[in-house]
Amino acid sequence: QVQLVGSGGGLVQPGGSLRLSCAATGTIFSIKDMGWYRQAPGKQRELVATITGDRRTNYADSVKGRFTISRDNSKNTVYLQMNSLKPEDTAVYYCNARSWRLDVADWYDYWGPGTQVTISS
């Protein structure tokens, strides 16, 4: 089993910055994609950014130019640097990792517990 442990959420003013991190621990054979998703109150969970094992990235249009996703494969950790934050970025942010499960011989999506990010003056 893989567990995802995240940190870095909090309350910041508009225009501020936050850095989220999420480490995968447990029995890890291989991690393919990692990413961040978010869910605002009353809305569906949406993709924020993803990064492949060879560090190809994909971003939601709403965060392009403001957020940067990165990963440290030696630590099985994914990061999200968030700059120029806006009130509409307020949400619970979830990290995701697609890891190989030996028992089912397939890739499996694991999720972190979520961390609250609030942008408010």
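User: Leaving aside its neighbours within four places in sequence, which residues is Asp89 in contact with?

Analyst: This is a predicted model: local features need pLDDT of at least 70, side-chain atom pairs count only at pLDDT 80 or more, and totals for chains, interfaces and linings use all residues. Residues are numbered from 1 along each chain as its sequence is written, and side-chain values use heavy atoms, with hydrogens and water left out. Contact means heavy atoms within 4.5 Å. With neighbours within four places in sequence set aside, Asp89 touches Arg38, Arg66, Phe67, Ser84, Val117 and Ile119.

User: Is Asp89 buried or exposed?

Analyst: Asp89 is found in the loop between strand 8 (77-82) and strand 9 (91-101). Strands (E, at least two residues) and helices (H or I, at least four) are DSSP runs, numbered from the N terminus. Relative accessible area decides the class: under 20% is buried, over 50% exposed, and in between partly exposed (1.4 Å probe, protein chains only). Asp89 has 1% relative accessibility, so the residue counts as buried.

User: How far apart in sequence are the parts tied together by Arg38 and Asp89?

Analyst: The side chains of Arg38 and Asp89 meet in a salt bridge at 3.0 Å, N to O. A salt bridge is a side-chain nitrogen of Lys or Arg within 4 Å of a carboxyl oxygen of Asp or Glu. Arg38 lies in strand 4 and Asp89 in the loop between strand 8 and strand 9, so the separation along the sequence is 51 residues.

User: Which residues are linked in a network of salt bridges?

Analyst: The count of salt bridges comes to seven. Arg38, at 5% relative accessibility, is buried. The network links Arg38, Glu46, Arg66 and Asp89.

User: Which residue forms a salt bridge with Arg56?

Analyst: Arg56 is exposed, with a relative accessible area of 54%. The closest N and O atoms are 3.2 Å apart, and the partner is Asp54.

User: Where do Arg98 and Asp109 lie?

Analyst: The side chains of Arg98 and Asp109 meet in a salt bridge at 2.9 Å, N to O. The pair ties together parts that are eleven residues apart in sequence, because Arg98 lies in strand 9 and Asp109 in strand 10.

User: Why is the pair of Tyr37 and Trp111 edge-to-face?

Analyst: The whole structure holds three aromatic pairs. Rings of Phe, Tyr and Trp (its six-membered ring) pair if their centres lie within 6.5 Å; planes under 30 degrees apart count as stacked, over 60 as edge-to-face and the rest as tilted. The Tyr37 and Trp111 rings have centres 5.1 Å apart, and the pair is edge-to-face because the planes are at 65°.

User: Over which ring does the charged end of Arg45 sit?

Analyst: A charge sits over a ring if NZ of Lys or CZ of Arg is within 6 Å of the ring centre and within 35 degrees of the ring normal. The charged end of Arg101 sits over the ring of Tyr108, 4.7 Å from its centre. For Arg45 the distance to the ring centre is 4.8 Å, and the ring is that of Trp111.

User: Which residues touch the most other members of the largest nonpolar core?

Analyst: A nonpolar core is a set of buried Ala, Val, Leu, Ile, Met, Phe, Trp, Tyr and Cys residues joined through side-chain atoms within 4.5 Å. The largest has 29 residues, and those touching the most other members are Trp36, Leu80, Met82 and Tyr93.

User: What is phi of Ser84 near?

Analyst: Most residues other than glycine have a negative phi. Arg55, in the loop between strand 5 (46-51) and strand 6 (57-59), has a positive phi near 70°. Ser84 sits in the loop between strand 8 and strand 9. Its phi is also positive, near 50°.
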